[in-house]
Each structure stands twice: as structure tokens, then as C-alpha cells.
Amino acid sequence: MEVLSLFRVIEVHKVLPYIHINFTRRVAAGAAAVALTAGALLAPAEAAAQVNAEQVLTIGRNVLSMEDYLLAIQYFNLAIKSKPYLADAYFLRGLAKLSLDDYEGAVADCTLALERNKYKSEAYKVRGFALMNLNKDSLAVEDYRRGLDYNPTDKYFLYYKGVAEIELKRYEAADSTLVTLLRLHPRFDDAIVARGRLNVLRGDTVRAIEDFDRALKVSKSQLNAYLMKADIAASRGEWKEALDVMDEAIRLRPEEADFYVNRAYLRYNNEDFFGAMSDYNYALQLNPQNIAAIFNRALLRTEVKELENAEQDFSTVLQMEPDNFHALYNRGLVRLELGHSREALADFREISRRYPKFHPAYYAMAECYRQSGNLQEMADNIKKGDRLVSDYVANPSRNPLDRPTIAPGKTNNRNGAPETDEEFMARFNQLVTSSEVKEQQLSFNDRIKGRVQDRNINVEPEPAYALSFIAPDVTLRNSANYFRDLENLNQRRYIDRKIYLRPGMAPLADEDRINEAFRLEGEFDSAITSAGESARPIDYLARGLARTMLRDYNGAIDDITRAIENTDDFAAALFARSCAYYARATSPRSDSDHESLSTTDIDLHMAMADLDALLKINPRMVYAWFNKGLIYYRLTDYTSAMQCFSEALKIDPDFGEAYYNRGLAGLQQGNRQQAFADLSKAGELGVLPSYNLLKRMK
């Protein structure tokens with residue numbers, strides 16, 4: 001852990017590159033579904049001939065837009081096996097790998113894409129960003145230059161080029177790049193902040209603050225601007241000003257534990273010890289493994305004489321980082337002050353063993369021996385410390401002292417002079433702050449109305465029930481997820497697989513599960529192909545369920561529709577198709593999907609129509625009422641949603657998820673009393689988020 005006099009701010013380039021991709025969201029009605037055989041992943045030569053690479057690529061784009069990167073990569077693999085000359089397949093796979101922090105893989109795939117199509121300029125952008133994360137900024141600059149040859153006004157090529165030049169300390173080149181960028185895009189707030197950072201590195205903090213203020217006029221949510229302003233104010237000792245700015249950063253990112261560590265540092269320097277301690281405690285609630293928060297709290301507890309608690313915190317740090325010299329030294333000092341001379345001596349001996357020329361350790365051991373009455377050892381250790389210091393004074397270059405964790409030539413003051421021993425020890429014992437905060441895009445959740453929105457609580461309803469070949473996870477809710485028509489279907493053993501009713505879409509969290517889903521689709525595809533015109537409705541339903549698992553909702557809907565056309569009262573198929581429509585409606589949409597709002601509403605109403613048809617066949621199908629309530633919730637018709645959840649609860653009074661979702665709908669309408677009762681009952685029935693929400697609401 002590095003000891004810092006200031007806290008670090010987020011690096012401005014730690015954001016994913018903006019890539020404009022035309023994610024095709026819909027396949028034309030009646031289009032043939034993608035044919036994937038059981039051997040598609042295992043026998044490339046034979047399977048490739050049966051794969052429609054363009055349609056596989058389309059599905060892969062859709063899955064990528066849903067941020068299901070592992071599954072997207074599998075689709076791109078299939079496209080590459082079928083048509084290895086497709087540049088888009090390599091590029092999109094590289095983009096997926098970049099999103100998974102596989103920077104080497106992203107570089108390799110973008111290189112393959114550019115070998116097939118040198119005009120694929122976005123590949124230069126992705127490869128350049130990956131190279132920056134591999135600390136290969138010079139190569140990244142070259143990629144951005146090539147990209148600018150094709151798109152000379154692209155603001156992201158210019159932005160990342162400027163940031164890379166800053167990292168390379170090519171300040172004049174970076175300034176020229178950013179000047180061009182801001183002339184073309186004067187309201188690009190990230191670029192304004194980048195220029196501010198450049199000015200900080202040049203030592204011109206006045207211009208830097210002007211840039212940060214300008215960026216905040218463009219966007220009040222420009223997080224980097226707040227963090228850098230706080231850093232500048234702290235470096236000047238303007239603790240109150242830094243604190244005010246840091247408060248704004250926390251308002252934007254209240255879930256970031258490191259921000260509270262940094263604010264605690266500011267509060268400490270503003271002599272608000274109680275506030276600093278509160279921030280450390282809250283940071284550890286958010287992230288119990290935050291070593292900086294534990295270490296700082298230990299130092300603060302030492303200062304306010306909570307010595308036993310301080311010792312415990314230092315011990316916790318050492319459990320997590322056994323080589324943390326700072327924690328070991330400070331624990332020894334705390335133990336010494338507590339009178340635990342034997343334990344303190346063990347700490348200082350370990351330090352002197354690792355760093356035999358760290359003279360403060362010998363003076364500390366001398367004090368341990370004094371407390372235990374061993375005056376001879378006390379005198380010997382004082383002599384050792386004195387000899388190290390005198391040898392250093394006589395010839396510093398020949399007799400250097402150990403300064404653990406401090407890099408050679410490190411200076412502490414702004415004029416560049418070597419720090420004195422007093423400065424070194426002061427800095428050594430100084431509060432550490434967050435050493436790195438990774439940038440990430442702000443997550444977005446629809447916030448519900450009323451007091452919930454006021455408290456900034458992100459809430460999502462319990463998910464819709466769906467059919468799947470993957471069994472549901474074991475939960476606290478005692479329910480068999482019984483669906484009469486599905487049970488009858490399974491008992492007749494039309495297919496050699498059991499279909500389950502489960503809450504939510506089954507996650508394809510690993511490659512084995514992804515491969516299994518592809519294998520199932522291929523298995524049922526082979527059955528349909530072999531049967532030809534006499535293919536059974538159950539086979540179409542089964543292939544549709546496999547495609548739903550693979551997030552190929554278009555193909556799934558086509559298949560299940562074929563099953564329904566051949567059997568009028570196929571209740572399980574009606575439920576499955578409604579789930580596919582609902583999943584397609586609630587999947588993330590890409591920025592380029594201009595029809596997303598209208599298509600979402602259409603899909604939700606199609607899902608509703610299937611559930612209504614199912615309820616005519618089986619009016620007591622509790623999960624149909626539950627899913628119907630969710631659809632109304634998504635359509636913001638909360639009154640109808642509550643009615644549907646109430647119908648579900650008439651059939652199953654122990655349906656905890658229905659209580660939870662009805663409680664959320666009640667909160668949307670401002671009906672706090674009923675909502676609290678529903679949430680309380682949901683928690684009682686095993687829906688754990690209920691208790692968390694109730695606590696925050698009250």
C-alpha cells in the first residue's frame with residue numbers, strides 16, 4: 001500500500017471506448033432461424049457448412065448489446081468457423097473481450113479484423129484502447145492516428161489519442177490534439193477534463209480549475225472534474241473547499257467505498273475526527289475488504305487512544321497483506337503504548353530482519369527492552385540505531401538507510417529536495433488514501449416515484465417466471481413451481497429432457513452451460529430436420545426454449561409460434577412464447593435502435609395476449625397472473641399490476657415474490673402503508689431484498 005499525502009483521482013482514460021454499432025434488433029418476420037447442429041461447436045468443418053454466418057453474427061450483435069459477453073463470443077466463434085474472412089466477427093469478438101478486460105485477446109482479434117478489412121476504423125479504436133490498458137501507449141497513439149486518417153473529426157479517436165500522449169508525457173502533442181478536438185467539439189466535457197489534467201501535469205492549476213469548472217457547466221455529472229478539483233484543493237491545504245467538492249463526487253457515486261476513504265482524509269485534515277471515523281466505517285460497510293479504510297481507521301483510532309481497536313485493525317490489515325510494513329510498524333507502536341512489550345518486540349524484530357538498516361526499529365526495540373527491565377539489550381539496540389545514523393551522516397551513498405516501500409530518490413516537497421528523516425517519518429505515519437479507483441460507467445436503474453426516488457434507492461421487481469431446461473436454484477421460498485400443463489407434458493416424456501419452471505432467465509455463466517445450450521438447440525434442430533413436415537409441436541417448443549436460453553428471441557418466437565399453430569390449446573407453449581416476448585422487450589437496447597420504445601411496447605402487449613389466452617385455458621395459472629402483473633408494471637400501469645399480483649395471491653397466499661412486487665407497485669402509487677405490509681410479508685416468506693428495502697425506506 002502506498003502512503004500518499006493526497007488522494008488519487010480517477011484516470012480520465014479508464015472508460016470503455018465509444019463504439020457505434022448498428023445492433024439489428026429484429027429479424028424480418030418469417031425469416032428462417034439459424035440452423036445450429038449438435039456438433040456445431042465440436043466439428044467445425046462439417047458444422048460450418050450448416051451455419052448461416054450472417055444470422056449468427058446478427059444474434060451475436062444482439063447478445064453483445066445485452067452485455068452477455070461470454071455468450072456473444074460463442075456466437076462470433078461460430079460465425080468465424082463458418083466464414084473466417086468476416087472482419088466484423090473478429091472485431092465484435094474483440095469488443096466483447098475488451099468488455100471482459102481481456103486486453104490481449106482484444107488486440108489479437110482487432111488485428112485479425114484489420115487484416116481482413118483495413119478500412120474497419122473502429123477496430124483501431126478498440127485495439128488502441130486495449131493497448132493503453134496494457135501500458136503500450138505509443139502503439140495506441142499509432143492506432144489512433146490510423147483511425148484519424150479515415151475519420152479525421154471523430155471525437156473519440158482524438159480524445160484517446162490526446163490521453164495517450166499525456167500518459168507518454170508528450171505534453172505539446174497532447175495539447176495540440178486536445179485543441180483540435182475542442183475546436184471541433186467544444187462541449188465535449190471529457191475532453192475539457194483531459195485538458196485540465198494536462199494543465200495539472202504542467203503545473204498550471206489555475207487553468208486546470210478553469211477547465212474543470214467549464215466541464216461542470218457542460219455536465220454537472222462530470223465525476224472526474226470534481227475529483228481533480230478536490231485533489232488540487234487538498235494539495236493547497238484548502239480542506240474545506242476540497243471537502244465540498246468531494247461531497248459532490250459522492251453524491252454522484254454514493255456506492256464507491258474509496259470516495260469515503262478520500263473524504264475521511266479531508267475531514268481528518270479539517271479536524272473533523274468524528275466525521276472521518278464515520279466515513280471509514282461506512283466505507284467498510286460498502287467494502288469490508290477495503291484495506292485503506294481499515295488502515296486509516298487504525299491510525300485514527302491510535303490518535304484518539306482507542307488502542308485495542310487500533311491493534312485489531314492493524315492485525316486485520318496484516319492478515320490481508322502480510323508484507324504491509326506500515327501496518328506492522330504501527331501495530332508495534334500501538335502494542336508498545338499498550339504495554340504489550342513482548343508482542344511489540346516480535347513486530348519490530350520482524351521489521352529489522354527484513355530491513356536491517358531501518359534505524360527506528362532499533363530504537364523501538366530498545367523501548368520494549370526498557371519496559372521489560374532488560375537494560376543491557378536496551379543499550380545495545382540504541383547503539384545499533386545510533387551507529388546506522390552516524391554511518392549514514394558520514395557517507396550517505398556508501399551507508400544508505402533502509403526506507404521500506406519508499407522508492408529510491410522519492411521526494412516529499414514540491415521543490416524536489418530530498419526529504420529529511422523527520423519528513424520521511426511524518427509521511428510514513430500519514431493517513432493513506434485510495435491508491436486507485438477504477439472508472440466505470442454509471443449504472444442506470446429506473447427509479448420509482450415518491451420517497452423511494454428521494455432516497456436514491458435503485459429497485460427492481462422480482463423477475464418473471466420462465467420455462468427452461470435448467471432447473472431453478474434452491475431458494476428460501478418453499479415452492480415446487482407447479483404448473484399443471486407443464487407437469488402433464490413432462491410425464492408423457494415426449495422428449496428426453498425435463499422442462500422446468502423457474503424465476504428469471506437461466507444465466508449462462510460459464511462456457512460449459514453455453515455449450516450445453518448450443519448442444520440442446522442442435523439436438524432439437526436435428527429432430528425437426530429429420531421429421532420434415534411431420535415435425536412435432538413439442539420439438540418446435542423445445543428448440544424455441546433452447547433458443548430462448550441462448551437469447552435468440554426472434555428464432556425462439558418463430559419456433560414456439562409453429563408449435564402453437566399446430567396445437568390450439570398448447571398452454572406450455574403460450575407461456576413460453578409470452579416469456580420470449582417479455583425477455584425481448586426487457587433486454588437492453590442499443591443506442592442505434594431508434595424503434596426500441598415502440599417495439600418494446602409491442603412485445604409487452606404480445607406477451608400479455610399470450611398470457612390472456614393461457615388464462616382462458618387455465619384461469620388458476622398463478623405464474624401467468626404474476627407475469628401479467630410484471631408486464632403492467634413495465635407499462636407503468638401500477639393499478640392493474642397490483643390487481644394481477646393480488647389474483648396470484650388469491651391462488652397462492654404464500655407467493656412471496658407477488659407480495660414483493662405488489663409492494664413495489666404500491667410504492668409507485670405512494671401507498672406506503674400497504675407497500676410496507678406487502679414488503680414485510682415478502683421478507684417473511686423468503687424474499688430477502690424486502691428487508692433491505694424496508695430498512696432504507698424507514
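This is a predicted model: local features need pLDDT of at least 70, side-chain atom pairs count only at pLDDT 80 or more; totals for chains, interfaces and linings use all residues.
Student: Which residue forms a salt bridge with D204?

Tutor: The general idea comes first. Side chains of opposite charge can pair when their charged atoms come close. In this structure, the partner of D204 is R207, and the closest N and O atoms of the two are 3.7 Å apart. R207 is exposed, at 53% relative accessible area.

Student: How many salt bridges does the structure hold?

Tutor: There are 50 of them. One of these joins the side chains of D143 and R146, with an N to O distance of 3.8 Å.

Student: Where do D143 and R146 lie?

Tutor: Both belong to helix α7, which covers residues 137-150. They are 3 residues apart, or about one turn of the helix.

Student: Is D143 buried or exposed?

Tutor: D143 is buried, because its relative accessible area is 2% and the cut-off is under 20%. R146 has 39% relative accessibility and counts as partly exposed.

Student: What is the distance between the closest N and O atoms of D678 and R662?

Tutor: It is 2.8 Å, and the two residues form a salt bridge. D678 sits in helix α33 (residues 672-684) and R662 in helix α32 (residues 656-668), so this pair ties together parts that are 16 residues apart in sequence. Both D678 and R662 are buried.

Student: Which residues are linked in a network of salt bridges?

Tutor: The network links E521, D525, R543, R547 and D559.

Student: Next, helix packing. At what angle do the axes of α4 and α6 cross?

Tutor: To read a helix pair, take the axes, then the handedness, then the residues that touch. The axes of α4 (residues 87-99) and α6 (residues 121-133) come within 10 Å and cross at roughly 30 degrees. The two helices are therefore roughly parallel to each other, the cut-off being under 35 degrees. Their crossing is left-handed.

Student: Which residues of α4 and α6 meet?

Tutor: From α4 come F91, G94, L95 and L98, and these meet E122, A123, V126, F129 and A130 of α6. By class, this contact has 7 nonpolar, 1 polar and 1 charged residues.

Student: Now the backbone. What is the phi of N135?

Tutor: Phi of N135 is near 60 degrees, which is a positive value in a residue other than glycine. N135 lies in the loop between α6 and α7, and N135 is exposed, with 65% relative accessible area.

Student: Where is R493 found?

Tutor: R493 is in the loop between α24 (484-491) and β2 (500-503). Phi of R493 is near 55 degrees, again a positive value in a residue other than glycine. The relative accessible area of R493 is 70%, and R493 is exposed.

Student: Last, the chain as a whole. How many helices and strands does the protein chain have?

Tutor: Its secondary structure comes to 34 helices and 2 strands. Of the 698 residues in the protein chain, 53% are buried. For contacts between residues at least 6 apart in sequence, 61% join residues at least 24 apart.

Definitions and conventions
Residues are numbered from 1 along each chain as its sequence is written. Side-chain values use heavy atoms; hydrogens and water are left out. A salt bridge is a side-chain nitrogen of Lys or Arg within 4 Å of a carboxyl oxygen of Asp or Glu. Helices (H or I, at least four residues) and strands (E, at least two) are DSSP runs, numbered from the N terminus. Buried means under 20% relative accessible area, exposed over 50%, partly exposed in between (1.4 Å probe, protein chains only). Axes are lines fitted to C-alpha atoms, for helices over the stretch in contact, and angles run from 0 to 180 degrees between N-to-C directions. Angles under 35 degrees count as roughly parallel, over 145 as roughly antiparallel, 65 to 115 as roughly perpendicular and the rest as oblique. A crossing is left-handed if the near helix is turned anticlockwise from the far one by less than a right angle, and right-handed if clockwise. Contact means heavy atoms within 4.5 Å. Ala, Val, Leu, Ile, Met, Phe, Trp, Tyr, Cys and Pro count as nonpolar, Asp, Glu, Lys and Arg as charged, and the others, Gly among them, as polar.
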